[in-house]
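Please keep the sequence and the three-dimensional view at hand while reading.

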There are 4 protein chains.
Amino acid sequence: MDFSPSGRAAELTEAVRAFIADEIAPVERNLEERAAHARRTGASPGWQVPDVVRELRERARAQGLWNLFLPAGHEGPYAERYGTRGGAGLSNVDYAPIAEATGWSFLAPYVFNCNAPDTGNMEVLLRYGSAEQRERWLDPLLDGSIRSGFAMTEPGVASSDATNMQLTAVLDGDEVVLDGRKWWTTGVGHPDCRVLIVMGLTDPGAHRHARHSMVLVPIGTPGVKVERMLDTMGFLDEPFGHGEVSFTGVRVPAANVVAGPGRAFEIAQGRLGPGRVHHAMRMIGLAERALHLACERGLSRTAFGKPIMNLGGNRERVADARIAINSARLLILHAAWKLDTGGPMAALSEVSQIKILAPNVAQQVIDFAMQIHGGAGLSSDFPLAGAWTAARAVRIADGPDEVHRGLVARLELAAHGATR
Amino acid sequence: MDFSPSGRAAELTEAVRAFIADEIAPVERNLEERAAHARRTGASPGWQVPDVVRELRERARAQGLWNLFLPAGHEGPYAERYGTRGGAGLSNVDYAPIAEATGWSFLAPYVFNCNAPDTGNMEVLLRYGSAEQRERWLDPLLDGSIRSGFAMTEPGVASSDATNMQLTAVLDGDEVVLDGRKWWTTGVGHPDCRVLIVMGLTDPGAHRHARHSMVLVPIGTPGVKVERMLDTMGFLDEPFGHGEVSFTGVRVPAANVVAGPGRAFEIAQGRLGPGRVHHAMRMIGLAERALHLACERGLSRTAFGKPIMNLGGNRERVADARIAINSARLLILHAAWKLDTGGPMAALSEVSQIKILAPNVAQQVIDFAMQIHGGAGLSSDFPLAGAWTAARAVRIADGPDEVHRGLVARLELAAHGATR
Amino acid sequence: MDFSPSGRAAELTEAVRAFIADEIAPVERNLEERAAHARRTGASPGWQVPDVVRELRERARAQGLWNLFLPAGHEGPYAERYGTRGGAGLSNVDYAPIAEATGWSFLAPYVFNCNAPDTGNMEVLLRYGSAEQRERWLDPLLDGSIRSGFAMTEPGVASSDATNMQLTAVLDGDEVVLDGRKWWTTGVGHPDCRVLIVMGLTDPGAHRHARHSMVLVPIGTPGVKVERMLDTMGFLDEPFGHGEVSFTGVRVPAANVVAGPGRAFEIAQGRLGPGRVHHAMRMIGLAERALHLACERGLSRTAFGKPIMNLGGNRERVADARIAINSARLLILHAAWKLDTGGPMAALSEVSQIKILAPNVAQQVIDFAMQIHGGAGLSSDFPLAGAWTAARAVRIADGPDEVHRGLVARLELAAHGATR
Amino acid sequence: MDFSPSGRAAELTEAVRAFIADEIAPVERNLEERAAHARRTGASPGWQVPDVVRELRERARAQGLWNLFLPAGHEGPYAERYGTRGGAGLSNVDYAPIAEATGWSFLAPYVFNCNAPDTGNMEVLLRYGSAEQRERWLDPLLDGSIRSGFAMTEPGVASSDATNMQLTAVLDGDEVVLDGRKWWTTGVGHPDCRVLIVMGLTDPGAHRHARHSMVLVPIGTPGVKVERMLDTMGFLDEPFGHGEVSFTGVRVPAANVVAGPGRAFEIAQGRLGPGRVHHAMRMIGLAERALHLACERGLSRTAFGKPIMNLGGNRERVADARIAINSARLLILHAAWKLDTGGPMAALSEVSQIKILAPNVAQQVIDFAMQIHGGAGLSSDFPLAGAWTAARAVRIADGPDEVHRGLVARLELAAHGATR
């Protein structure tokens with residue numbers, strides 16, 4: 001057993017940390033202030049990508065800190081073509097600390113072209129896309145010239161059971177026709193968003209996990225309408241945003257179906273493992289940042305004659321936060337290693353475990369940090385309110401805690417002979 | 001021991017409930033939709049009071065559902081003059097269920113002229129104001145023609161220890177001169193806000209609880225500047241809002257000092273008991289509403305072949321919510337009764353206990369309700385995100401949990417001989 | 001709403017407290033030391049009632065502190081005959097603080113003839129017993145000359161679902177024949193135990209709540225065998241104890257069936273409400289004692305230069321304990337009041353709520369007190385280990401937490417139209 | 001990063017598991033039944049080692065499953081002399097899964113000569129003992145022919161602050177004189193116990209961490225008296241037990257001081273790291289066993305028409321248990337790896353983190369398992385009550401949670417510049 005990171009992982013993580021600290025952090029502080037100011041005056045921070053961010057992306061790319069999420073096995077043509085540092089794909093366990101590092105910053109994942117939902121969409125295209133699909137969408141996504149969205153959740157049904165999905169994606173000759181409504185389609189607000197991966201019901205008579213398809217729908221296709229942008233606890237998450245999108249008689253070529261009709265669940269299964277590791281590690285990064293802020297604030301402000309960190313149970317909460325963060329991080333690294341060594345089916349329970357634990361740990365630590373900051377912790381002067389909202393949302397996005405607990409329990413009990 | 005409400009409390013609570021259900025709820029739904037729409041498009045719901053709300057206030061007042069918070073002992077002139085139903089002041093324990101009822105609605109407290117911080121400010125003027133102060137500010141506040149703010153928390157120090165306050169309020173002949181900066185001055189955004197009660201340091205050499213004064217500062221006094229409005233986790237809480245306010249060489253007559261210099265802590269002690277009961281009971285109302293929404297949603301949506309309420313531990317969480325709400329409500333009612341029968345000094349521990357328990361219970365129940373709602377629970381389509389933020393803010397406002405835990409412990413240990 | 005106890009409740013509670021402090025406590029300390037010594041040397045404290053305890057019972061009875069649990073409505077003949085103070089039955093809400101007072105002492109409930117399971121059995125006989133049954137068993141129980149047991153839980157099935165009970169109680173002419181096995185039959189180890197109330201299956205074809213009967217079985221009836229005494233986490237709870245009892249072809253007259261065949265569930269429903277209030281209030285007394293011990297120890301021992309109470313989060317835990325105890329107590333008092341004013345069916349949810357909350361609060365507070373005591377808290381030198389075990393056992397006895405949560409949720413959801 | 005165990009660790013863990021399952025488990029079940037029976041009848045299971053256990057020890061030794069805890073670096077003479085399998089010391093991370101395996105059984109650690117406190121004492125002698133001390137005590141300990149105790153905690157002071165220790169160990173010529181009282185001296189009840197390592201105050205004027213010495217005191221030395229054996233929540237933990245031991249004018253040669261006067265804290269620091277890893281991993285084994293029992297029982301018993309595992313939130317609790325166990329295990333393995341690669345001073349925080357987390361996780365999982373078992377979970381029919389008590393005791397033994405939280409916080413805050 002060896003807990004040291006590989007040399008490559010260590011080198012890249014360090015490079016990413018340095019880039020965030022030196023290049024991204026100052027820009028982010030500035031943008032956050034502008035966004036906070038906009039929010040106060042009732043204006044949106046806007047749905048454009050500021051030039052300064054586009055420049056950061058150029059610089060990151062120039063340093064090869066670009067598409068680092070690109071999984072091992074695809075290091076050949078893509079990594080070289082896009083200048084990914086070291087020219088080679090990383091295992092999940094090697095990429096994990098990089099994901100953690102990017103979690104300290106809201107901006108970083110995008111700067112490094114490693115942000116959701118694009119990473120997941122790129123993985124889908126890498127693993128399941130046809131040559132034509134890859135050329136048309138994967139290349140510009142890796143190049144960073146376009147963005148994409150992922151449309152799965154629906155407003156009319158409990159989407160925690162994905163088989164509930166009602167949007168239809170029916171084959172009609174050499175076309176697929178989509179009708180229905182999605183929401184929480186993340187990324188659809190981005191000015192560069194050009195394509196959505198849409199999950200729809202194709203064959204209601206098939207086995208429950210073979211009824212749905214994933215369809216690539218270009219954003220301007222007639223019948224696709226972004227009805228509104230949703231807010232998450234008051235935050236619109238510009239410029240990506242979460243949209244409610246209606247599909248009315250939308251027609252795309254049958255060739256836009258990924259991997260063939262009825263394979264949406266199979267693809268989702270494979271797509272979600274690495275993405276959940278990324279999400280979970282970013283939550284760890286967020287939690288570390290919150291703990292850092294709590295320590296700084298708690299030591300520098302005094303009340304009742306002491307640093308507030310020394311009042312009541314605050315120091316115990318620091319200890320609890322440290323324990324929670326460290327053990328959650330190790331659980332995630334282990335899940336990543338299981339994905340690497342056994343594949344997604346061997347890591348089903350592990351991936352669900354981290355999907356539950358990571359945002360709950362982050363939420364707990366951020367809550368403590370907010371409490372230490374007093375009123376400041378609630379305001380946009382500190383990143384804590386936004387961080388809390390991000391962690392809270394992850395407890396629902398991509399399957400609520402309860403669904404994942406159900407899965408972990410089912411697999412545990414199966415080992416004791418339970419058939420479901 | 002008798003847990004039944006008095007006839008008057010029951011009658012007024014019922015009238016308030018009916019008014020909220022019949023009159024306020026439809027308006028509120030409509031305004032929430034407009035506000036959510038505004039937020040999505042990046043606009044503020046605005047800092048004006050919609051006409052429809054002013055009309056609701058007129059109707060509530062016409063029915064005598066006005067100033068019901070007005071404490072017993074002041075039922076004479078004021079209650080009659082302002083048409084308060086039944087013409088008489090209510091005890092804290094009688095007003096408590098009315099406060100709970102208003103907690104179901106964000107709008108209701110204002111409609112009934114029972115909203116913070118105006119209620120607390122009116123209590124200060126009732127109990128400690130001079131005849132002149134009452135005539136100039138209490139009458140129009142009770143009349144509803146003006147609004148007020150309360151300026152205590154400061155950005156530069158840990159305000160959980162109120163003796164940290166640094167804004168100076170120095171006597172200079174027959175004037176008081178204020179210099180310093182406050183934030184989280186709630187209510188200052190309201191278009192009718194005309195006066196602030198400002199706590200400031202008058203005599204640094206006095207006993208630590210006799211150094212500060214409360215000063216009435218009209219909003220247009222030269223040197224008073226609202227620097228910005230703060231958001232609470234993305235919400236501006238229009239049209240009341242929370243302001244950061246600077247005071248630069250602000251001069252007001254010495255007659256504007258409430259009860260005389262150095263008495264701010266004494267006044268605050270008396271002011272806060274009833275207000276904390278109101279806040280806590282509104283938290284109970286909010287929690288009940290969240291539990292109600294959770295039950296409705298959980299029974300009406302299905303996943304994996306069952307109502308989602310029947311999945312996993314959801315029903316247990318309903319039970320836990322019911323137990324938490326019921327026991328918290330009883331703790332608050334008991335604290336109110338202690339305030340009524342023994343006065344604020346006899347209820348110090350009890351009032352701090354409810355200050356801790358109520359928002360934590362509300363937060364827990366709302367969190368569950370959000371989880372049951374999935375993505376919808378995070379959005380502005382449901383009042384849960386706003387409710388959660390309200391409960392979270394109360395854990396910090398008016399003294400964070402930790403400070404109140406410290407007080408409860410100190411009083412408990414004093415009974416075992418501890419001197420602090 | 002009025003939270004003050006009635007004059008009678010206050011007077012009796014005070015008398016009980018004084019008797020415990022002055023008479024019982026010194027005896028108990030002495031007995032605990034002997035029991036601890038016996039345990040250390042591998043001997044049982046024994047299955048006899050020490051003379052000193054019998055004398056305490058005599059003195060309590062002489063002062064009328066006897067059978068105070070006797071419910072209102074039965075104050076006539078019984079209370080007079082047995083010299084119950086004031087000659088009259090108490091409401092549940094009036095008896096509750098007395099139950100709390102007795103919770104400070106393991107011995108007190110028995111000294112006052114108010115201990116489980118005898119109180120519940122006496123209530124059954126009072127409410128449902130025939131004249132003959134009352135004369136034969138109720139009178140000596142009230143007199144204190146015999147003790148009784150209650151046999152419901154079975155080792156072979158999940159008894160949390162009482163309809164699982166498999167012991168048969170079949171009518172055969174004018175006799176009932178019992179066959180089966182019970183365990184956790186509390187009280188069967190007592191040297192004065194003379195009768196068991198046994199729940200058995202009489203008519204498997206009836207409605208699921210009309211299948212079972214309660215049968216009075218004298219302890220010496222042929223076929224009744226105490227197979228062994230069970231320990232609860234290492235404690236045998238001498239001299240009452242919990243037995244595993246087999247019934248083999250046990251024959252008793254049909255007249256021993258309480259209220260007639262098939263009525264066991266109906267009786268249990270009525271029996272359990274007050275008993276659960278008693279149990280819950282005793283848990284509050286236990287929790288208060290633990291908090292008292294924690295404060296005393298925490299202030300008198302020092303580590304790292306401070307009283308250990310001032311280290312880490314200890315003071316916060318005192319506050320949390322105070323809040324938890326106070327709110328749980330109020331929930332219980334309210335449930336008692338509901339039982340008094342609306343009867344058992346109106347208080348179903350309330351009674352289950354306190355059944356869940358009270359032992360959990362006690363366990364949490366005792367755990368804290370143990371931690372403050374260090375090694376001493378684990379040993380028999382302090383009553384904490386025994387207290388913890390008592391609280392832990394109550395979370396299972398009489399229906400585990402989970403079953404009661406299910407009931408509370410069912411009643412809550414029924415109000416939203418759920419049919420189960 | 002590589003989470004797979006080394007080949008040796010895997011081979012030895014498997015051998016240990018098999019030996020426990022095949023050889024120890026049947027014996028243990030039998031002994032537990034006898035102990036439970038003894039307890040019920042008020043007798044102690046006794047202070048002798050049953051022959052059957054001595055035979056198990058012989059067989060374990062014959063298979064080389066003996067002294068496996070022996071740390072790397074000492075594999076030479078000792079491992080060979082005592083037939084330790086593979087002839088070589090294991091790193092902490094390699095030994096950890098073996099410790100987990102032994103945690104499934106109360107008997108196993110002793111059978112493999114890997115039980116506390118002897119392992120810790122052997123480590124002290126290995127690392128700090130003189131040649132003479134090793135020969136006299138280490139050899140027979142490794143040989144298994146004698147046992148030892150560790151005397152640190154004192155009844156009269158808060159021993160969580162070890163500098164509070166008051167027993168004196170004063171040099172007088174070529175002797176050391178010990179006077180004072182210890183309790184929770186684990187192992188002193190064992191019939192083979194021959195020596196105690198006693199911590200005492202030697203030089204009150206020295207730096208607070210240089211005042212105390214560790215002294216080897218043969219058990220029959222005049223003035224050493226075992227006053228009584230203590231019980232832990234009703235359990236005496238025979239035949240090891242925990243004693244209260246008085247030392248009155250006890251004289252031993254100065255050569256019995258380990259490593260020289262004043263070095264007790266330095267030795268303790270080095271001694272405790274590996275021992276805490278062992279303890280923590282045994283807690284994981286215990287938790288796994290409890291979860292295993294919960295799953296088996298929960299699937300095999302039915303209530304309300306379903307396996308009880310499918311009622312309420314039980315399945316969620318299985319998931320939470322799995323997550324808690326897995327993440328705690330990884331935290332421990334990582335701490336072991338840090339000990340191996342950086343030494344005890346580099347792993348201070350990590351070792352305290354696992355000292356807190358492991359028993360709390362075990363306690364939570366065992367509590368759930370008890371609840372699933374109903375009454376059976378409280379009784380001696382299942383190992384759960386004993387397991388719970390073991391976990392509860394570990395939260396206090398060797399430094400209570402609160403002290404370790406304080407240490408973790410101190411190290412965290414030091415990184416932010418806090419000087420304490």
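## Basis of the model

The model is predicted: local features need pLDDT of at least 70, side-chain atom pairs count only at pLDDT 80 or more, and totals for chains, interfaces and linings use all residues. Residues are numbered from 1 along each chain as its sequence is written, while chains are lettered from A and ligands numbered from 1 in the order in which they are written.

## Domains of chain A

Chain A is divided into domain 1 (7–146), domain 2 (148–260) and domain 3 (265–414); such bounds come from an automatic or database domain assignment. Taken over C-alpha atoms, the centres of domain 1 and domain 2 of chain A are 24 Å apart. In chain A, 19 residues of domain 1 are in contact with 19 residues of domain 2, where contact requires that the C-beta atoms of two residues, placed from the backbone, lie within 7 Å.

On the side of domain 1 of chain A that touches domain 2, helix 6 (118–128) and helix 7 (131–143) each supply at least two residues. Helices (H or I, at least four residues) and strands (E, at least two) are DSSP runs, numbered from the N terminus. Helix 6 of chain A gives the most to this side of domain 1, with five residues. By class, this side of domain 1 of chain A has 10 nonpolar, seven polar and two charged residues. Here Ala, Val, Leu, Ile, Met, Phe, Trp, Tyr, Cys and Pro count as nonpolar, Asp, Glu, Lys and Arg as charged, and the others, Gly among them, as polar.

UniProt, in an unreviewed entry, places the feature "domain: Acyl-CoA dehydrogenase/oxidase C-terminal" at residues 265–410 of chain A. UniProt positions are given in the numbering used here, feature names are shortened, and annotations may be inferred rather than shown by experiment. The span 265–410 of chain A is 79% helix and 3% strand, and its end C-alpha atoms lie 19 Å apart.

## Helix 10 of chain C

Helix 10 (residues 348–373) of chain C has 26 residues and reaches 38 Å from its first C-alpha to its last, close to the 38 Å expected at 1.5 Å a residue. The expected span is 1.5 Å times one less than the number of residues. Helix 10 of chain C is largely enclosed by the rest of the structure, because 24 of its 26 residues are buried; a buried residue has 20 or more other C-beta atoms within 10 Å of its own, with C-beta atoms placed from the backbone. After helix 10 of chain C comes Gly374(C), whose phi is positive, near 60 degrees.

## Chains A and D

The contact takes 36 residues from chain A and 36 residues from chain D. Helix 9 (314–342) is among the helices of chain A that each supply at least two residues to this side, and helix 9 gives the most, with 14 residues. The side of chain A that touches chain D divides into 21 nonpolar, eight polar and seven charged residues.

Chain A is superposed on chain D by a rotation of 180 degrees with 0.0 Å of shift along its axis (RMSD 0.0 Å). That is the relation of a two-fold axis. Superposition is by least squares on the C-alpha atoms of residues with pLDDT of at least 70 in both copies. The same surface serves both copies, as 100% of the contact residues of chain A recur in chain D.

## Chains C and D

Here the contact takes 44 residues from chain C and 45 residues from chain D. Helix 13 of chain C supplies the largest share of the side of chain C that touches chain D, four residues. That side of chain C has 18 nonpolar, 17 polar and nine charged residues.

Notes: A residue is buried if 20 or more other C-beta atoms lie within 10 Å of its own, exposed if 12 or fewer, and partly exposed in between; C-beta atoms are placed from the backbone.
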